[in-house]
Amino acid sequence: MSGTEQTAAQGNADGGARRVIDTSVAHSARVHDYWLGGKDNFAADRAAGDAVIQAYPGIVASVRANRAFLARVVRFLAAEAGIQQFLDIGTGIPASNNTHEVAQSVAPGCRVVYVDYDPVVLLHAQALLTSSAQGALDYIDADLRDPRRLLAQAARTLDFSRPVAVMLIAIMHLIGDQDDPGGIIKQLLAAVPAGSYLALSQVASDIEAEQMAEAARRYNRLARETQRHRSHAEVTRFFDGLELLDPGVVPVPRWRPASKIEADAHSAMWGGVALKR
Ligand SMILES: C[S@@+](CC[C@H](N)C(=O)[O-])C[C@H]1O[C@@H](n2cnc3c(N)ncnc32)[C@H](O)[C@@H]1O
């Protein structure tokens, strides 16, 4: 989607009203795609992405380290924790190592539901994401801030009487305090049985603090959604009532890295995984 500015329209996944893709203002999914080296972004997204890079040059390494975190977490959950159902909220534009690819490469019967509210993500998810024959895949066009609706739609594909991994990877910084992010997480975790997991990563306010604060100011001037970076203590509170797995809430490259190179990657994101007992 590189090239000229344009406004496209697509139906939504549930056959609802057609939604306009607004290319005039930066959207998080497309800015993220730009940082990951993708082509599904517009001039406004690249301008916001570049403004952040100028404030915090480590952003590109940081989002890549977050993708590697996602892949390690999904592999752990499918291969070692026996999880066969994934609810991946804030999917983003498909990149490498999407959740269902990693999960189904380990356990082909895995069932994965992707959730995002960006129509560009919807477009690409429908075109690119296909399930293994044994597993299942669904894409839901829904807003994390309405968890009840999201969960009702996810129940078309996921069996909520069996464990589910709730994945909130690099999305919570887009949920402001006014939307009660802790309450949203509690509602999601209340819907899944014991033996389920929460996997979460969030942009940090207390790693490279000055650069990150400037990056947020620049991004928030240019983008549709505003960013709310959070401290280690704030991110740890998202796991309240759950049993955090080792090594706890850490910079994402330090969460069970596969190599020293991975562990030493640059990142300003906190991440962790916890079990619901
Ligand atoms: C930074 S991207 C992260 C993509 C992917 N999880 C990753 O870590 O690579 C954040 C995604 O969350 C989506 N998003 C933001 N706020 C949302 C909300 N309230 N409901 C659903 N999706 C949302 C955006 O559209 C975007 O695709």
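**View 1. The side chain of Thr91 and its polar contacts.** The side chain of Thr91 reaches the backbone nitrogen of Val115 at 3.2 Å, and a polar atom of this side chain lies 3.3 Å from the backbone oxygen of Asp88; a polar contact is here a pair of N or O atoms within 3.5 Å, in which, within protein, one atom must be able to donate a hydrogen and the other to accept it, while residues adjacent in sequence count only if both atoms are side-chain atoms. The model is predicted, so that local features need pLDDT of at least 70 and side-chain atom pairs count only at pLDDT 80 or more, whereas totals for chains, interfaces and linings use all residues. Residues are numbered from 1 along each chain as its sequence is written, and side-chain values use heavy atoms, with hydrogens and water left out. Thr91 is placed in the loop between strand E3 (85–89) and helix H4 (99–106), where helices (H or I, at least four residues) and strands (E, at least two) are DSSP runs numbered from the N terminus. Thr91 counts as buried because its relative accessibility is 12%, buried meaning under 20% relative accessible area, exposed over 50% and partly exposed in between (1.4 Å probe, protein chains only). Not counting residues up to four places away in sequence, Thr91 touches Arg67, Tyr114, Val115, Asp116 and Val121, contact meaning heavy atoms within 4.5 Å.

**View 2. Strand E10 and its pairing partners.** In strand E10 (residues 269–275), seven of seven residues are buried. Met269, Gly271, Val273 and Leu275 point one way from E10, and Trp270, Gly272 and Ala274 point the other way. Strand E7 (residues 197–203) runs antiparallel to E10 and is joined to it by seven bridges, with Gly271 of E10 as the bridge partner of Ser201; two strands pair if DSSP finds at least two bridges between them. Strand E8 (residues 243–244) is also antiparallel to E10, through two bridges, and Glu243 has Leu275 as its bridge partner in E10. Strand E9 (residues 250–251) pairs with E10 in the antiparallel sense over two bridges, the partner of Pro251 in E10 being Trp270.

**View 3. Aromatic rings around Phe76.** The structure holds three aromatic pairs, rings of Phe, Tyr and Trp (its six-membered ring) being paired if their centres lie within 6.5 Å, with planes under 30 degrees apart counted as stacked, over 60 as edge-to-face and the rest as tilted. Phe76 and Tyr197 form an edge-to-face pair, 6.4 Å centre to centre and with 90 degrees between the planes. Because Phe76 lies in helix H3 (residues 59–79) and Tyr197 in strand E7, this pair ties together parts that are 121 residues apart in sequence. Phe76 and Trp255 have ring centres 5.9 Å apart and planes at 70 degrees, so this pair is edge-to-face. Trp255 lies in the loop between E9 and helix H10 (260–263) and Phe76 in helix H3, so the pair ties together parts that are 179 residues apart in sequence. Trp255 counts as buried at 1% relative accessibility, and Phe76 counts as buried at 11%. Phe69, Phe76, Tyr197 and Trp255 form one aromatic cluster.

**View 4. Arginines over aromatic rings.** Arg256 lies over the face of Phe76, at 4.8 Å from the ring centre, and the charged end of Arg224 sits over the ring of Tyr117, 5.1 Å from its centre. A charge sits over a ring if NZ of Lys or CZ of Arg is within 6 Å of the ring centre and within 35 degrees of the ring normal.
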